[in-house]
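Biologist: Could you walk me through this one? I'd like to take it piece by piece.

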Amino acid sequence: MPQEVGRQYKEIMGKYLESPSEEDLYVGQQFSRRFIEKEIAPEDVISIHKTALIELHPELQDEVWNSLDFLIEMMIHYGLTLREHQSLIRKQEAIQMEMNVATKVQDTLLKTKMPCVSGLDVGYISQPATQMNGDYVYFLNKKHESGVAVADVIGKGIPAALCMSMIKFGMDGLPDGNTSPENVLGIINRIVEKSVDDSMFISMFYGKYNAEDTTFSYASAGHEPALHFTNSTGEFSELDAKGLLLGVKPDTEYEERSVVLNDGDFIAMMTDGVTETRTEDGFIDMNTIQNLLREVKDMSAQQIAEHVYHHLAELQNYRLSDDFTIVIFKKEPEQV
Amino acid sequence: MDLRSSVEIITEWDIVAARQLGRNEAKKAGFGTVDQARITTAISELARNIYLYAGKGKIEIERVTDNGKFGIKIIASDEGPGIPDLRKVMEDGFSTSGGLGAGMPGVKRLMDEFKVASETGAGTTITTTKWLH
């Protein structure tokens, strides 16, 4: 390998030594790319240089040759470090590919079906801060009611994402007819308490809309309060209920409360990635979120969710500091 | 052909002696300047590991032939604590000598063949060969 490059190196350097010009330097630098492409180590480059110099100027003194040998010795560890970096980069590419597969697996695993009950318009958006999402939205659908769980693992990334599959399978295994919010949280809490270690905490909000009496009942395991928009007054109220984070105590009881929804009213459920949006001037306050929601109160649930997301993401220059999830349940006139 | 010479590694200066021996042998075997430097660096790293982690040990250098190929083989042996987790030691980014140490993956890269045998509490033997191309 080095013979051909060596010959060319000698030619380019020979021209330069005869009459130094910027052009030769430019050509030489372009040529150095070939060295890099062929993964020629720094110590080999010096050796090529030395060989070329011997052929061009054999009359030079021993100090020159010795100094080049010394330089070769100096470069051995540079060469090793370079190769180590190259190997670490390849390793990282492999990890990245695994992550991409894992993300796809997560998406498939945690798939949820949008509810479809009359009089309820549903929209949501859930964006991970890093590649894998530690927020989770899951819909439980029945004929006349639709439930939604919004969960957030404290922490983000892979550990949080692994935790989520547990919630999903817990929800799938819920006994029929036992889907009142206090019961749902009670059951999921026991599953989480048994399965995760003490350093992992999950907050969860569970809300359920009943189409027959248009009530929205809910319970919360240490989760962000939801916002309830009343169309007739244009005012927001916070929906919060007492309850510990999931996984802290096996026998935690969860308070259940409810509100009645009228046409045009909506509920916004979110994770702290929304409420704790950080900008250069610090955290945003609830008013910002309420104003954003009010601006688009007449739009569809999905449009409302996306509006809030785009605005808050823009405030952070599209670099989310935490996983971001918002779910909108909006009461619409019944279609008969 | 069985030309074998060795250096005991007890003090830091013995590392220099092992290097010198290795470079002379590599030169005599016909390796070019760069490969001489690589072989010497490998010996240096192995000797340093002995000095730092085992306290004392030995570097042996011998000429080898295989199917018309000529080369140089280095055997670094000690009766030190051994390497508990070989896999970890062979990983890039994990260097036992810290600082500028090239570690085991470095030695492996400098040479053509590399074998390590280690038993916790009994010692470590590393055998590595470079062939004349």
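This is a predicted model: local features need pLDDT of at least 70, side-chain atom pairs count only at pLDDT 80 or more; totals for chains, interfaces and linings use all residues.

Biologist: Which residue of β5(B) is the bridge partner of Val116(B)?

Modeller: Strand β4 (residues 113–119) of chain B and strand β5 (residues 123–131) of chain B run antiparallel, joined by 7 bridges. Look across from Val116(B) into β5(B), and its bridge partner is Ile126(B).

Biologist: Now the helices: are α2(B) and α4(B) roughly parallel or antiparallel?

Modeller: Take the axes of α2 (residues 33–54) and α4 (residues 103–110) of chain B: they come within 9 Å and cross at roughly 155°. Angles over 145 degrees count as roughly antiparallel. So α2(B) and α4(B) are roughly antiparallel.

Biologist: Which residues of α4(B) make the contact with α2(B)?

Modeller: The crossing of these two, α2(B) and α4(B), is left-handed. The residues of their contact divide into 4 nonpolar, 2 polar and 2 charged. From α2(B) come Arg38(B), Thr41(B), Ala42(B), Glu45(B) and Leu46(B), and from α4(B) come Gly106(B), Val107(B) and Leu110(B).

Biologist: And between the chains, which element gives the most to the side of chain A that touches chain B?

Modeller: Here 13 residues of chain A are in contact with 12 residues of chain B. On the chain A side, the elements that give two or more residues are α3 (42–56) and α4 (62–109). With 10 residues, the one that gives the most is α4(A).

Terms used: Residues are numbered from 1 along each chain as its sequence is written. Chains are lettered from A and ligands numbered from 1 in the order in which they are written. Two strands pair if DSSP finds at least two bridges between them. Helices (H or I, at least four residues) and strands (E, at least two) are DSSP runs, numbered from the N terminus. Two residues are in contact if their C-beta atoms, placed from the backbone, lie within 7 Å. Axes are lines fitted to C-alpha atoms, for helices over the stretch in contact, and angles run from 0 to 180 degrees between N-to-C directions. Angles under 35 degrees count as roughly parallel, over 145 as roughly antiparallel, 65 to 115 as roughly perpendicular and the rest as oblique. A crossing is left-handed if the near helix is turned anticlockwise from the far one by less than a right angle, and right-handed if clockwise. Ala, Val, Leu, Ile, Met, Phe, Trp, Tyr, Cys and Pro count as nonpolar, Asp, Glu, Lys and Arg as charged, and the others, Gly among them, as polar.
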